[in-house]
Amino acid sequence: MLDTIGVADINALFDEIPDALRGASLDRLPDGLPEQAISRLMRERAAADETGLCFLGAGAYRHHIPAAVWELTTRGEYYSAYTPYQAEASQGTLQLLYEYQSMMAGLTAMEVSNASLYDGASALAEAVLMAVRANRKARERRVLLADTLHPVYRQVVEAIVANQGIELEAIPAAEADGALDADSADGFGDVAAVVVQQPNFFGRLESVDALTDLAHAAGALLIAVVNPVSLALLKPPGMWGARGADIACGEGQPLGIPLSSGGPYFGFLCTRKAHVRQVPGRIIGRTVDLEGRSGYTLTLQAREQHIRRSKATSNICTNQGLMVTAATIHMAMLGGEGLRQVALACHHNTARLTAALTELPGVETVHEGPFFHERVIRMPGPAGPILDRLADRGLLGGYDLGGHSPQHRDQVLVCATEVITAEDIRHYAATLGAVLEELHHGQ
Amino acid sequence: MGNDALIFEQGSPGRRATAQAPGHLPAPDGIPAAFLRQEAPGLPEVSELQVVRHYTRLSQRNFSIDTHFYPLGSCTMKYNPRASNSLALLPGFLDRHPWAPTRCGQGFMACLWELQDMLAEVTGLAGVSLTPMAGAQGEFAGVAMIRAYHRARNDDARTEILVPDAAHGTNPATAVMCGFRVREIPTDSDGDVDMQALREAVGPATAGIMLTNPSTLGVFERRISEMADVVHQAGGLLYYDGANLNAILGKVRPGDMGFDVIHINLHKTFSTPHGGGGPGAGAIGVGERLLPFMPLPVVGRDESGEYHWVTEADRPRSIGRLSAFMGNAGVLLRAYVYARMLGREGMSRVAEFATLNANYLMTRLRQEGFQVWFRNRRASHEFIISFRREAREHGITAMDVAKRLLDYGYHAPTAYFPLLVPECLLIEPTETETREELDGFVAAMVAIRQEGIDDIDRLKGAPYAMPVRRLDEVRAARELDLAWRPGDNRTTDTSTATRRAK
């Protein structure tokens with residue numbers, strides 16, 4: 001090959017790089033490992049990370065994933081394919097993505113869906129940017145975020161829209177209720193968009209019908225942040241209030257994506273057809289080929305960075321295609337009724353869990369009112385040490401709300417999905433009882 | 001490969017994958033009816049076997065690295081080692097909740113910390129944050145840090161980002177998302193940035209410049225040190241778009257070239273899968289002066305060797321968080337496995353063989369009479385050929401060649417990018433292909449050109465061997481059909497049955 005090129009050795013191929021720049025020694029890099037050695041190392045590390053029973057939620061949820069989902073998803077034809085720019089050679093991925101868009105449109109009761117964004121939090125940031133672009137009537141670039149929104153989502157929105165001159169303000173929630181008070185809100189003023197999460201960060205259900213109508217009365221677009229599994233049971237954003245939400249987005253992880261320390265997951269974004277040209281990211285459309293057969297292709301690419309450059313709706317290019325592949329297969333496998341059963345099981349298990357835990361002295365629920373599959377529990381003392389002791393016993397007892405606000409340091413957000421059994425719940429209650437007993441006696 | 005019905009169209013009311021539901025549970029009594037869904041969500045009603053068969057068949061309607069040579073310029077479609085995947089899917093990694101305490105994550109965090117360190121070393125920079133979830137998000141983080149840096153110095157007049165005209169579309173789109181104006185810098189006839197134009201463009205409004213090196217034109221920017229001096233002297237910072245890092249891995253480091261901040265597409269250079277469009281990972285590396293602004297979280301290690309999350313408490317000037325948790329964590333594990341398998345020596349082997357394959361393929365195509373665009377330049381890991389002459393003389397366009405290559409079993413190279421070169425194909429063979437595969441590609445190119453000379457109409461109709469012929473993209477955009485609805489039945493059961501009978 002070197003002879004064909006006409007050079008003496010491989011280093012000659014780098015002769016356009018100035019000598020002064022070359023020759024870093026890379027001392028900090030270790031020697032290469034054969035597959036068997038890296039396999040041994042990774043097995044040891046993975047084994048060290050194995051955790052037992054988990055009652056954590058707060059944005060990522062453990063669900064059963066049918067075996068076929070990842071067996072199919074990791075087929076090389078999906079796993080190692082590129083973005084389907086060459087439509088004729090990518091009909092598999094493209095048809096799957098069209099089916100995904102259809103499923104998400106059905107689940108949210110919205111008209112259109114894109115083909116994914118990075119994760120739930122960044123999808124919300126893109127939704128906020130999109131709403132400000134789409135709402136041409138709004139005089140102010142003001143966006144209201146519910147106080148009951150996931151606090152990390154708020155941080156991500158702040159980081160991503162920071163340089164766009166968008167004002168982010170909070171809608172306060174009643175502390176005791178854990179949800180927004182739609183009745184006492186006297187209008188939202190001049191605002192481009194309102195963000196409401198359902199179920200909210202505390203697991204509570206918001207009065208989404210009234211909030212949607214309030215947002216529309218203020219001339220704002222309503223952005224719904226939703227859990228896709230809950231939508232098999234709860235009213236979908238497209239049906240909220242008199243006119244429905246304008247944008248529905250959220251975290252796709254509960255649809256067949258493993259927890260995997262936080263990623264890769266995927267963000268979804270659905271909206272009305274009228275706003276489709278403001279949507280960020282890829283969209284697949286059905287069309288016909290030269291012979292009139294139906295086929296699938298990327299469409300409306302004039303919104304995207306590779307065509308529109310500095311005037312694109314977003315800089316996003318790579319998305320989360322493989323995660324969407326898994327989610328599509330997962331949704332097809334469960335169907336609407338299967339997904340509804342999962343949602344119901346999560347709800348019932350969380351109800352049973354909180355009933356069992358609150359039988360212990362000093363343990364109580366913090367909010368009344370309807371919830372989906374998470375609830376806030378008040379412990380008889382600071383949650384941190386209690387959760388630590390539970391972890392010592394191989395049990396992750398929930399999310400410590402004190403991490404975001406010190407006044408909530410005795411509060412824990414717990415979640416019991418469909419994978420939790422009655423025995424698991426008894427075990428949690430018994431273990432918590434023992435831990436509280438220990439702490440009470442100062443051990 | 002027939003025209004498969006949609007999964008929705010294969011269903012029957014009430015049909016279920018019975019193993020996949022937890023039971024028959026009662027409606028909840030604690031949730032008032034106003035909160036509940038009244039109508040079913042319109043998901044498919046199919047059996048488990050139908051799902052498995054449908055998505056297996058759909059997979060067979062795809063090109064992929066595992067099945068086809070994919071010389072897609074700028075995308076680095078090299079083999080994704082299977083070990084990276086299977087080791088990232090070990091139960092201890094897969095089942096770990098993102099909020100699990102750090103003591104239940106020391107194995108995972110050790111991998112991330114070492115990956116941060118290896119990437120810092122191989123790029124010649126002071127620190128690395130792994131949170132950006134794709135190249136474009138890495139770009140966003142990088143440019144947002146440039147903005148935060150100038151602001152922290154009360155240097156608010158710096159409102160412009162310079163971008164060469166050959167740059168990826170994500171560069172200008174990112175600069176705008178970060179609140180900057182974009183100023184384009186032209187390229188000279190040899191493919192280098194026009195130095196005179198650069199000198200005239202820099203000034204007190206310059207926040208920084210975004211560069212890819214080797215550039216998207218497939219050549220190394222030879223005066224990079226001089227450019228770095230010009231931009232730095234004007235008070236701006238240098239951003240390195242790592243899309244083409246594969247070409248120089250282990251050979252020359254962006255930090256040594258004078259760059260202040262870079263992103264690395266781990267799904268290119270570190271061989272994590274493209275997955276039909278993602279997920280990627282866009283780790284960023286920074287020099288000393290941008291360290292305080294890095295996106296969070298980052299993995300830290302204390303003196304006892306224990307790993308912890310570096311948070312806002314440690315880095316109050318951070319640009320913040322770009323994802324809810326730790327970016328595309330599982331992708332990072334795959335990149336870590338790949339980097340450990342390569343090791344020190346393997347890193348430079350990547351660049352050597354990628355460059356060897358590109359220069360070999362370029363030479364062979366030139367020998368066969370194809371027009372290499374920068375004929376006096378060394379190819380990096382990719383190169384451009386132009387069909388300007390064939391288009392003029394025979395009507396053979398880059399698009400025709402790209403589509404016909406599919407029939408020959410080769411994924412098309414990147415076509416019509418960069419925008420500066422007429423009728424171009426950007427070809428990147430990567431280091432993992434054999435000489436035989438490259439020779440086969442040359443033979444296909446020669447045969448296709450001859451087909452076009454002999455019968456241009458036949459070439460214009462390509463592809464013929466794919467599941468569909470060329471698609472009506474105008475119709476796709478004008479008559480938007482973006483989702484199946486209950487009641488749609490364009491592909492009827494009868495036609496499916498007929499097709500299967502054939």
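1. The residues that line the second largest pocket comprise 16 nonpolar, nine polar and six charged. This pocket belongs to a predicted model, and its volume is about 880 Å³.

2. The lining of the second largest pocket amounts to 31 residues, and those nearest its centre are A:Tyr399, B:Trp99, B:Ala100, B:Pro101 and B:Trp309. Two or more lining residues come from each of three elements of chain A, namely α7 (151–161), α11 (383–392) and β16 (399–400). Of the elements, α11(A) supplies the largest share, with four residues.

3. The largest pocket has a volume of about 1100 Å³. Its lining is made up of 48 residues, and nearest the centre lie A:Tyr85, A:His306, B:Thr414, B:Ala415 and B:Phe417. In chain A, β12 (294–298) and α9 (305–308) each give two or more residues to this lining; in chain B, α5 (135–152), β6 (261–265), α12 (398–407) and β12 (414–415) do likewise. Sorted by class, the lining of the largest pocket holds 21 nonpolar, 19 polar and eight charged residues.

4. The partner of β12(B) is examined here. Strand β13 (residues 424–427) of chain B runs antiparallel to β12(B), and two bridges join them. Within this pairing, B:Ala415 stands opposite B:Leu425 of β13(B). B:Ala415 is also one of the residues nearest the centre of the largest pocket.

5. A parallel pairing is found elsewhere in chain B. Strands β2 (residues 160–164) and β3 (residues 181–185) of chain B run parallel and are joined by five bridges. One pair of bridge partners is B:Ile161 and B:Val182, the latter in β3(B). Between β2(B) and β3(B) the chain passes through helix α6 (residues 170–177) of chain B, forming a β-α-β crossover that is right-handed.

Conventions: Residues numbered from 1 in each chain as written. Chains lettered and ligands numbered in written order. Predicted model: local features only at pLDDT ≥ 70, side-chain atom pairs only at ≥ 80, totals over all residues. Heavy atoms only, no water. 1 Å grid on protein atoms, 1.4 Å probe; cavity = no way out; pocket = protein on both sides within 12 Å on 5 of 7 lines; lining within 4 Å. Points joined across faces, edges and corners; volume = space filled by probe spheres on them. Nonpolar A, V, L, I, M, F, W, Y, C, P; charged D, E, K, R; others polar. Pairing = 2+ DSSP bridges. Right-handed = clockwise from strand over helix to strand, strands pointing away.
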